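Please open the model in your viewer and keep the selection tool at hand. The tour below goes from stop to stop, saying what to select and what is there.

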Amino acid sequence: MDTFHHQAHFWGRLTLIGMIIATLMAPFYLSFVLGAHPGWETIIAGLIGYAAFIGVMWVLEPITYYPTLGIAGTYMAFMQGNVANLCLPCSASAQSAVNAETGSRKAEIAGTIGIAVACLVNISAIVVVILSGAYIVSILPPAVEAAFNFVLPAIFGAILGQFAYKTPLYGGIALAIGIIVLFSPIPDTVKIVFAVILTVSVIVLLERRKDKRQEEKSTT
Amino acid sequence: MKEVMTVANSIPLWIIAFLVVALVIFQAVIFLRITTKTAPNVGMSANEVRSAVKTGVISSIGPSFGIAIVVVALITLIGSPLTLMRIGIIGSAATETAAAGIGAQSFGVQLGGDDFTTQALTNVVWTMCLGGTGWLIFTALFTKSLGNIQKRVAKKSAKTMATVSLAAMLGVFGFLTSEEMMLSVNHTITAIVAAGSMVIIMGIAEKTKTQWLKEWALGFALIIGMSTGYLSTLI
């Protein structure tokens, strides 16, 4: 497993650095090959605007999702994006399909396989849609397209259901905390972090109490 | 505007876009290879590996299609190759659309307006690409530190680590589900039906020990949830 982590760090870093270079090639090309450079001032103004809008997520998202994604999963999910609506659900389903205990080594490997496969399916779907000039989307029956308005609540609800199946109490707690945080006067971008921290604290506390009670039972 | 779109759909940008796609595929294939090699060491049989792959495919079709549908809106704004390279990697359609707006605004024009020049497009591309790099840089630099913290916690108590990762998962989806449920009654119905069908499907799969049903669970729950959500709008 150590070899696996070692390899994951090596390839993860290498591909991410490669990706940084690859994506920056596009603006470099437009600016300096094509000569359409808009000037650094407006570029920096754009970047500052972006950072103000969502920059805090650069740090918070990887930290928030790391415990559920694992090492290899983090490298893939943050290169490819779509963490909550694609990578995590596929990781969770793959883990459940092989009956792996959450947090175990087997779960990490199964989850990583799920994410890697999801990345391949997703990139293929995007390439096909774009190369067909969105033709595939235009021939969809309106009803199917309308049904896809509900793809997010369906994914999120289903995954919550999958976890709540094994621990209904914790599922209820997570949903309740989600609703409370949603209506709390916290900035929108950090709400999810708050929800995760609260849920983790409450559940860890409950587990500790359960353990203590069991210990007391076994000693008496 | 027409001139801008010719640039936005030019061959060099297509080449860069395909380089990005190739990197995504390369990374996924490499990780698939090292995980399948490690699998026997963690007690995963070849059958279980196959099952995990199959589940990954089935579960990702719905979400991928949902992502691809939103992509269409972005094509009209920044052209096909740039859409491909932005959506192919980190950045959702919503983030990238907002980023494009910010990039245009800081250049002093409206996205897709008459005065949207090639220079304005370049500014938009800089904003999107530099902005998206933030996640890439942070994960490239700090995933190792996160891994070390995890190892230290796991050494103290493996059980705490397992509880934390379960609870973090629940926290993420508890919040996201409640956020979606607040959007409309139809969204609420969708989420509840999807969650309910997942519980029922998992229950049946466990009781009857049906492996394929476990692999299809998310796929089925998605279809049931989405169709119910859509049907509820017709009432």
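Which residue just after H8(B) takes a positive phi? It is Lys209(B), with a phi of about 55 degrees. Before selecting it, note that this is a predicted model, in which local features need pLDDT of at least 70 and side-chain atom pairs count only at pLDDT 80 or more, while totals for chains, interfaces and linings use all residues. Residues are numbered from 1 along each chain as its sequence is written, and chains are lettered from A and ligands numbered from 1 in the order in which they are written.

**Lys209(B) and its loop**

Select Lys209(B), which is found in the loop between H8 and H9 of chain B; helices here are DSSP runs (H or I, at least four residues), numbered from the N terminus. Most residues other than glycine have a negative phi.

**Helix H8 of chain B**

Next select residues 185-208 of chain B, which form H8(B). This helix has 24 residues and reaches 34 Å from its first C-alpha to its last, close to the 34 Å expected at 1.5 Å a residue, where the expected span is 1.5 Å times one less than the number of residues. Its buried residues include His187(B), Ile189(B), Met198(B) and Met202(B). The buried residues of H8(B) pack against helix H8 (151-166) of chain A together with H7 and H9 of chain B.

**Two neighbours of H9(B)**

Axes are lines fitted to C-alpha atoms, for helices over the stretch in contact, and angles run from 0 to 180 degrees between N-to-C directions. H8(B) and H9(B) are therefore roughly antiparallel to each other, a term for angles over 145 degrees, whereas those under 35 count as roughly parallel.

Now select H3(B), residues 46-78, which packs with H9(B) at an angle of about 10 degrees, with the axes 8 Å apart. H3(B) and H9(B) are therefore roughly parallel to each other. Their contact (C-beta atoms, placed from the backbone, within 7 Å) is made by residues including Ser51(B), Lys54(B) and Ile58(B) of H3(B) and Gln211(B), Trp216(B) and Leu222(B) of H9(B).

**Across to chain A**

Colour the two chains separately, and look where 133 residues of chain A are in contact with 136 residues of chain B. On the side of chain A that touches chain B, the largest share, 23 residues, comes from helix H1 (residues 2-33) of chain A.

Then select H10(A), residues 191-219, whose 29 residues should span 42 Å at 1.5 Å a residue; its end C-alpha atoms are 42 Å apart, which agrees. Among its buried residues are Ile192(A), Val196(A), Thr199(A) and Ile203(A). What covers the buried residues of H10(A) includes H3 (57-80) and H9 (168-182) of chain A together with H7 (158-181) of chain B.

**Last stop: Asn82(A)**

Finally, select Asn82(A), in the loop between H3 and helix H4 (83-97) of chain A. Its phi is near 55 degrees, a positive value in a residue other than glycine.

Note on methods. Angles under 35 degrees count as roughly parallel, over 145 as roughly antiparallel, 65 to 115 as roughly perpendicular and the rest as oblique. A residue is buried if 20 or more other C-beta atoms lie within 10 Å of its own, exposed if 12 or fewer, and partly exposed in between; C-beta atoms are placed from the backbone.
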